Amino acid sequence: MLALSSGLADVRHTIGTIRVEQTEVSGERPWITSHAANSGDRREPSRGYWLKWRVLTYQQTVTKPSKPPLTLHPQPYSKYRELSTRTDADPAEFRVLKLQPGKGLDPLYCELLHVSLDEHPPYDALSYCWGSPDPTVAVHCDGLALAVATNLGEALRAFRHETSPRFLWVDALCINQDDIQEKQHQVPLMGRIYHGASNVVIWLGSDTPNHTIASAFSILTSVRQLCDRFGWDVDLMQLARYHVLEDYGLPDIVDESWKSVRDLVERPWFSRTWIIQEVVLARRAYLHCGDSSIPFADFCVGLTYLSLSVMSRRPDMIPSVSAYAQATQLIMSYHKAGGLNRDIDLLALLENHRVARASDARDKVYGFLGLYELATGRRHTISADYHRTAAEVFIEAAKEIIHHSDTLDILGVPRQDLQHRMIGLPSWVPDWSAYEFGSSLSLRSPDGTYMFNFDASRVRATKNVTIRDNTLELSGYCFDEVVKVGKVMDPRLHQDGPDHLRIVPGSTALHILALITSWFKLAGAFSSESYPTGEDRFDAVVRAIFLDHFIGGNSREATIRFFKQLLVPLYALRNSGSEDSPPSLEWRLSTQFWSVLGRMVGPRFIDALAKLIRRGELKMQWYGYVSMGQPQRKTRHDDYLMTGIPRVAYRRMFCTNLGYIGVGPRILQEGDRVFLVEGSKVPLVLRLQVKGWELIGDCYMHGIMQGEAFNIVKCNQITII
């Protein structure tokens, strides 16, 4: 969840707006290159593509051979013919489904063919959500009856041709799900299977009676074409003000159909772990829902643009937190990790897609192994063994990551406390099955690029680490002790159904304002006492909230000035703001009002007001031409909150015995210790237990993040249990 908007902005500036047409270049798939002024052909060095500047539509040529005769037997399907495993003389096999022609509700007939991976047979791979096993649809396979889930039955009917067979790879049918040994052999091959497919066809299910998803596809396609024509800087809000959106195939800005994009992203398919590998490795991928379809690349461009523009004006378009996080991370992985010979990072894949779900917790690791190995060309020692427990799989993955990494970034992954941890899991091993929205301070994009440049222990090429059984021995020392902790920065999400957590903009902003006010008071930001580094304490608190990382037009000085205008009485009236974009008198009076009110009545009142506003927000529409107003300045003052808060979401501020302030894990407690450890880019929080130290997580402590306090002479052995 960390800084998704900045990640999408990076994707936006990199992928540009031009649709590509693939020529005969083996092993690659279409993507996008940057926008340019003149049309023509261009080659993208990283992908090996000739780019054709025109919009493409997906059509598959269908031949019409005669219909083969079928011999049907009603008895249950009970046995798969055994697949051969890879040897020097016998390449690994997999099955391909030969789906016989038909239309509508005609019965489904198919047969399973054994083919070699090395023969590169032509087939399409199906990506779908298994869904509930009941009710079922009958599929006649090799003359025997087989019951499959309704969703799969609908997909097979949607994708079969009317007059010719179609060759598909479908995991539920092509792998014997009752044979654990076969699954252990076939699961590592799935990355190669999806990459070898001519197309990956994604089945989202049937559309609604109102054709909701078809509307979403239409909007995204039109947005893509608009970006192709005018570039990423096209102002959709400006087009809405002049009532010309319909000229570009888009509905009026207040039309209900815009919410169809939210309904699309909240389809169950986007929540699955396995889809990441299936899409990222695809040469070509297409989303299908009912009778409608859209290239996955067009979906990426359309959603990226809307996320960075229209959704701020139409908050009812914003999907649930989990769905939005998964979809946007999928776009970033598709862009940064797609194709072969990419330097992607296994830990980054696991952490970026932590909100993805799997019915089997072990698949939270197994689902990424094929992608990692095929994209990087590097082998790993993790085997897909379904005889082991999830805890054993997570431990093996942690050992693999620590062994092949120059740093201890894995120790910063947010984790559960001792009472809620998976049985048999040491504290230094992340529980990838836990539903966690927070992110580590050492988070990297799938291609290994760090979000932040910390170096608290002056990391060298080697690290002093020993793993004995399930204990981790590190080299480091205790630097300080936590003496005060604040509230968790929880954006107070609205629960809309069992799986849909939503952000309610107005009440969320007030709630965050209340939390920030309490953090400033906890840290003594309004006192005259200086910080241990010698700087103003108020300035140090602001830098801690932003992790001392300021991007875009929001400089450190401008951000500190913003919070003083917001929280310090009379400051907003005495200062005119920055010269390039001075706040208006109206804005300064407004912020001064909330500043004085917050200081008088405290954060509890503001929090109560946020709850009251939320009740009204859920029933009222705060968008349309009135709320859009006039075109905004290039620098908007509410951007300071929007860019800073996501970084410290699900964390809490703390103060230490030596007078430092920082931002740590949500499970942080008074009495926890802050350690500086060899090989860790960030300080680690540990809690003393009977048999050793329990790892709580990483933290930002202002003033020591670039190695200012690290002293290797003080290091000694630390045992993490």
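R95 is buried, with a relative accessible area of 1%. That value comes from a predicted model, as do the other values in this text. The cut-off for a buried residue is under 20% relative accessible area, so R95 at 1% falls within that class. The side chain of R95 forms a salt bridge with the side chain of E182, with N and O 2.7 Å apart. The two residues come from distant parts of the chain: R95 lies in strand β6 (residues 93-99) and E182 in helix α4 (residues 180-186), 87 residues apart. E182 has a relative accessibility of 9%, so this residue also counts as buried.

Strand β6 has a partner of its own. It runs antiparallel to strand β11 (residues 166-169), and 3 bridges join the two.

The next stop is a pair of helices. Two packed helices are described by the angle between their axes and the distance between the axes. Helix α6 (residues 212-230) and helix α10 (residues 296-308) have axes that come within 8 Å and cross at roughly 80°. An angle of 65 to 115 degrees counts as roughly perpendicular, so α6 is roughly perpendicular to α10. On the α6 side the contact is made by I219, L220, V223, R224 and C227. On the α10 side the contact residues include F299, V301, L303 and L306. Sorted by class, this contact has 10 nonpolar, 1 polar and 2 charged residues.

With strand β15 (residues 466-468) it is antiparallel, joined by 3 bridges, and T466 stands opposite E473 of β16. These two strands form a hairpin with 2 residues between them, where D469 takes a positive phi near 55°. Strand β16 also pairs with strand β25 (residues 716-720), antiparallel and over 5 bridges; there L472 stands opposite I720. Another 5 bridges join β16 to strand β21 (residues 673-677), again antiparallel, with V674 as the bridge partner of D480. With β19 the pairing is antiparallel over 4 bridges, and V482 has T656 as its bridge partner.

The side chains of R651 and D698 meet in one, at 2.8 Å from N to O. R651 is in strand β19 (residues 651-656) and D698 in strand β23 (residues 693-698), so the pair, by the definition of strands used here, links distant parts of the chain, 47 residues apart. Both R651 and D698 are buried.

A further salt bridge joins D548 and R543, with the closest N and O atoms 2.9 Å apart. R543 is buried at 14% relative accessible area, whereas D548 is partly exposed at 27%. The two belong to a network of salt bridges that links E535, R543, D548 and R556.

Last comes the structure as a whole. A search of it finds 22 salt bridges. The protein chain has 22 helices and 25 strands, and buried residues make up 57% of its 721 residues. Among contacts with a separation of 6 or more, 73% are between residues 24 or more positions apart.

Terms used
Residues are numbered from 1 along each chain as its sequence is written. This is a predicted model: local features need pLDDT of at least 70, side-chain atom pairs count only at pLDDT 80 or more; totals for chains, interfaces and linings use all residues. Side-chain values use heavy atoms; hydrogens and water are left out. A salt bridge is a side-chain nitrogen of Lys or Arg within 4 Å of a carboxyl oxygen of Asp or Glu. Buried means under 20% relative accessible area, exposed over 50%, partly exposed in between (1.4 Å probe, protein chains only). Axes are lines fitted to C-alpha atoms, for helices over the stretch in contact, and angles run from 0 to 180 degrees between N-to-C directions. Angles under 35 degrees count as roughly parallel, over 145 as roughly antiparallel, 65 to 115 as roughly perpendicular and the rest as oblique. Contact means heavy atoms within 4.5 Å. Ala, Val, Leu, Ile, Met, Phe, Trp, Tyr, Cys and Pro count as nonpolar, Asp, Glu, Lys and Arg as charged, and the others, Gly among them, as polar. Two strands pair if DSSP finds at least two bridges between them.
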